[in-house]
Amino acid sequence: KILSAVAGAPATPPVMPGTVIEISSDTLTVAAGAGTLVVTEVQPQGRRPMTTRAFLAGHNVSVGDTLE
């Protein structure tokens, strides 16, 4: 579950929604409709809310993965 995100620039070229298109130390940028979301806080199923930095430290996420 995404708890905090801001709208980003449109994905170029267009990408399937939910696809990770960029990873930084603090954020995940995910394709969403006609644009992107820059995700800063998440809550994995059955877990506590956490920053994207904490999530990335414990999960193997790569550019091109699809979030569900």
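What percentage of the 68 residues in the protein do buried residues make up? The share is 29%, where buried means under 20% relative accessible area, exposed over 50% and partly exposed in between, with a 1.4 Å probe and protein chains only. Keep in mind that this is a predicted model, where local features need pLDDT of at least 70 and side-chain atom pairs count only at pLDDT 80 or more, while totals for chains, interfaces and linings use all residues. Residues are numbered from 1 along each chain as its sequence is written, and side-chain values use heavy atoms, with hydrogens and water left out.

Let's start with the overall layout. Read from the N terminus, the order is β-β-β-β-β-α. The radius of gyration is 11 Å, close to the 11 Å that the globule rule gives for 68 residues, so the protein is as compact as a globular protein of that length. Here the radius is taken over C-alpha atoms, and the rule is 2.2 Å times the number of residues to the power 0.38. Along its principal axes, the C-alpha trace spans about 35 × 20 × 20 Å.

Now for the inside. The largest nonpolar core has nine residues: Val20, Leu28, Val30, Val39, Val42, Met50, Phe55, Leu56 and Val61. The elements giving two or more residues to this core are β3 (28-32), β4 (35-42) and α1 (52-58). Such a core is a set of buried Ala, Val, Leu, Ile, Met, Phe, Trp, Tyr and Cys residues joined through side-chain atoms within 4.5 Å.

Val30, one of the core residues, touches Gly18, Thr19, Val20, Ile21, Gly35, Thr36, Leu37, Val39 and Leu67, not counting residues up to four places away in sequence; contact means heavy atoms within 4.5 Å. Thr29 lies in strand β3 and is buried, at a relative accessible area of 10%. Its contacts, again leaving aside neighbours within four places in sequence, are Thr19, Val20, Ile21, Glu22, Thr36, Leu37 and Val38.

Pro49 sits in the loop between β4 and β5 (50-51). With 40% relative accessibility, Pro49 counts as partly exposed. Beyond its neighbours within four places in sequence, Pro49 is in contact with Leu3, Glu41, Val42 and Gln43. Pro49 and Ser4 are 45 residues apart in sequence, yet 10 Å apart in space, C-alpha to C-alpha.

Key:
Helices (H or I, at least four residues) and strands (E, at least two) are DSSP runs, numbered from the N terminus.
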